[in-house]
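Hi there,

Here is the structure I promised to pass on to you. Have a look at it first, and then read on for what turned up in it.

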Amino acid sequence: MLERLQKIISAAGVTSRRASEALILNGQVSVNGVVVTELGSKADPTKDTIMVDGKSLKISAQRLYILLNKPPGYITALKDGQGRPLVTDLLKEVPERVYPVGRLDYNTEGLLLLTNDGDWANRLMHPRNEIEKEYHVRVRGKVIDQQLKRMAEGVVLEDGKTAPAVVNLVKSGEQNDWISVAIHEGRNRQVRRMCEAVSLSVVRLKRIRYGSLMLGTLRAGQFRYLSDSEVRELSGEPEKSMPATPVAHHKRETHQKSIRPERSGGKVSGRRQQ
Ligand code: URA
């Protein structure tokens, strides 16, 4: 089937749709030996030989969608100059090369999606879709309501103010509190920097939800394939009205307070729920 070249290139996991357009315009793409520089050009990925920078595009017939429980101490890049463990080291039995959807820091753990479907990954990461990601954060010492409220309303970071977030106190221990932070932006080290901005020191950071998808009971280092309906649901309509944290999850926690920003008379204010 004929498809637009930029779609074929991004679906092969080479780069995003927009960056694929730049490759075409720069004359870096050829179809059956002929350099193509027009953006509307189409090709048949099953019949034509498509090359990017002289390398044949590897079109995988099999689309794979994986949920990994990333342990701390693994990097989400595909190689590392310092020789640190890679998340792909945990996926040795996966038959195709897969790429992380976004990134988690070296020491962040939890839900990481990987795929060889570049288009799907781009849809998930597009800011327009505002997919909510939820993290559990163990912080040193005790949190106070004011800190949660400030994070919920948005804190000023060096790359601008963060969008309103949903912030809960989920568990109170002797030495540490656990909070949950749900955000739909995907800035670098965002949760850690939001915590720093309100003087909270992060001891542990774990992603437990991506849109409608929960990490569930997978052990650290384990992965599973997503079902067709999970794949479709994740890339479907924007999920702006997801509940902050599914009720079933909250039931297991104690001392739960929820602080979510609320517009009242044009002003953002915190609201606490018991
Ligand atoms: N926010 C962070 O600070 N780190 C991550 O790995 C993910 C979100």
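Helix 5 (residues 190-197) gives 3 residues to the shell around the ligand, the largest share. Please keep in mind that this is a predicted model. Which residues make up that shell? They are L104, D105, T108, R189, Q190, V191, R192 and L205. Sorted by class, the shell holds 3 nonpolar, 2 polar and 3 charged residues.

Apart from neighbours within four places in sequence, V191 is in contact with Y135, V137, V181, I183 and L205. V191 also belongs to the largest nonpolar core, which has 42 residues. Within that core, V137, A165, V167, I179, V181 and V191 touch the most other members. Strand 14 (residues 176-183) supplies the largest share of this core, with 5 residues. There is a second, separate core as well: it has 10 residues, including A11, A12, V29 and L57.

Now step back to the whole chain. You can count 7 helices and 19 strands in the protein chain. Of its 274 residues, 32% count as buried. If you take the contacts between residues at least 6 apart in sequence, 63% of them join residues at least 24 apart.

In helix 3 (residues 118-125), the buried residues are G118, W120, A121 and N122. What covers them? The cover includes helix 1 (5-11), helix 2 (17-25), strand 8 (99-100) and strand 9 (109-115). In helix 4 (residues 145-153), you will find Q147, L148, M151, A152 and E153 buried. As a hint for reading such a list, an α-helix has 3.6 residues a turn, so residues three or four places apart point the same way. Just after helix 4 comes G154, which takes a positive phi of about 115°.

Why does E96 count as partly exposed? The reason is its neighbour count: E96 has 14 C-beta neighbours inside 10 Å, while a residue needs 20 or more to be buried and 12 or fewer to be exposed. E96 and L64 are 32 residues apart in sequence, and their C-alpha atoms are 7.7 Å apart in space.

Enjoy exploring, and write back with any questions.

Best wishes

Terms used. Residues are numbered from 1 along each chain as its sequence is written. This is a predicted model: local features need pLDDT of at least 70, side-chain atom pairs count only at pLDDT 80 or more; totals for chains, interfaces and linings use all residues. Helices (H or I, at least four residues) and strands (E, at least two) are DSSP runs, numbered from the N terminus. A nonpolar core is a set of buried Ala, Val, Leu, Ile, Met, Phe, Trp, Tyr and Cys residues joined through C-beta atoms within 7 Å. Two residues are in contact if their C-beta atoms, placed from the backbone, lie within 7 Å. A residue is near a molecule or strand if its C-beta atom, placed from the backbone, lies within 6 Å of it. Ala, Val, Leu, Ile, Met, Phe, Trp, Tyr, Cys and Pro count as nonpolar, Asp, Glu, Lys and Arg as charged, and the others, Gly among them, as polar.
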